[in-house]
Amino acid sequence: MKSFKKILTFAAVSALALTMGAVALTGCGGGGKDYSFEAEEALLTDVEGQDASSTMKVQENVEWSANGDGADITVVGYFATPGQTITWNVNAAEACDVTLKLRASSCKFAAIDGEGTVIDINAFMGTLWGGPAPEGFDTSTAKGYLEELKAADAGVVLKVNGEEKTMSGTLPAVTIELEEGNPWSIMGVYSTIYCGEYTVKVHLNKGANAIVLETVTGGINVDKLTVNSGVEITHTAIDNSDRLQVSQG
């Protein structure tokens, strides 16, 4: 009977060890810490044969602020050609479930009038050349508009170690006042950066992991990727200084 009790005790301890191991794997050792990696320091891959004018650019700008006191920001822009990728090759100290936070700005540009009617900015451009106003749109009250962009409509996909992940969240909209008497100032919306965040929970393996953002049908301006993790996450920065293009706006 004594030996039988020992066997039961050993089995119980073994089962507890397995359970604790599973908890440690998922929880990754406690509270999470943010590890942030800039998009301009990721691997930027354009489409083979892509025209140089449309390849990804590293752009320095000032983030939009209602008070006009936005912070300096650097983003990867021109990320709009299907097949382009931004890759963060990160290393995890242990296998871990983490939260990825992608900070980016919509680049869905439009015009909006005083009644809230939104039109594609290209439809507004014809009026600047003396063409007729789009039907139902009041050009006299037109303003530049950066439309909000939900993750499902961004036209990009995120893959972690080859597996596609579904992000959630919305990049915010913002209205840009035009310079009085200068309708051409609506072009300033093209250099407007107003960031929001997409998020998704994923599993990272111990060691090397590839986090890839790919353009499919749309595009966004990408600021950085943050990994909230209970274990250390590292990334080796890539020098993309040859892609630097100081934005004008």
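1. Ser 185 counts as buried, because its relative accessibility is 19% and buried means under 20% relative accessible area, exposed over 50%, and partly exposed in between, with a 1.4 Å probe and protein chains only. Ser 185 lies in the loop between strand 14 and strand 15, where strands are DSSP runs of E with at least two residues, helices are runs of H or I with at least four, and both are numbered from the N terminus. Leaving aside neighbours within four places in sequence, Ser 185 is in contact with Leu 178 and Glu 179, contact meaning heavy atoms within 4.5 Å.

2. Please keep in mind that this is a predicted model, in which local features need pLDDT of at least 70 and side-chain atom pairs count only at pLDDT 80 or more, while totals for chains, interfaces and linings use all residues. Residues are numbered from 1 along each chain as its sequence is written, and side-chain values use heavy atoms, with hydrogens and water left out.

3. Met 187 is also found in the loop between strand 14 (174–176) and strand 15 (195–204), and with a relative accessible area of 34% Met 187 is partly exposed.

4. Thr 170 has its place in strand 13, residues 170–171, and is partly exposed, with a relative accessible area of 30%. Although Thr 170 and Leu 149 are 21 residues apart in sequence, their C-alpha atoms are 5.5 Å apart in space. Not counting residues up to four places away in sequence, Thr 170 touches Glu 148, Leu 149, Lys 150, Gly 196, Glu 197 and Tyr 198.

5. A search of the whole structure finds 4 aromatic pairs, that is, rings of Phe, Tyr and Trp (its six-membered ring) whose centres lie within 6.5 Å, called stacked if the planes are under 30 degrees apart, edge-to-face if over 60, and tilted otherwise. One of them is the edge-to-face pair of Trp 64 and Tyr 194, at 4.9 Å centre to centre and with 65° between the planes. This pair links distant parts of the chain, 130 residues apart, with Trp 64 in the loop between strand 3 (57–62) and strand 4 (72–77) and Tyr 194 in the loop between strand 14 and strand 15. Trp 64 counts as partly exposed at 29% relative accessibility, and Tyr 194 counts as partly exposed at 25%.

6. Phe 124 and Phe 137 form another aromatic pair that is edge-to-face, with 6.2 Å from centre to centre and 70° between the planes. Phe 124 is in helix 2 (residues 121–128), whereas Phe 137 is in the loop between helix 2 and strand 9 (143–146), and both are buried.
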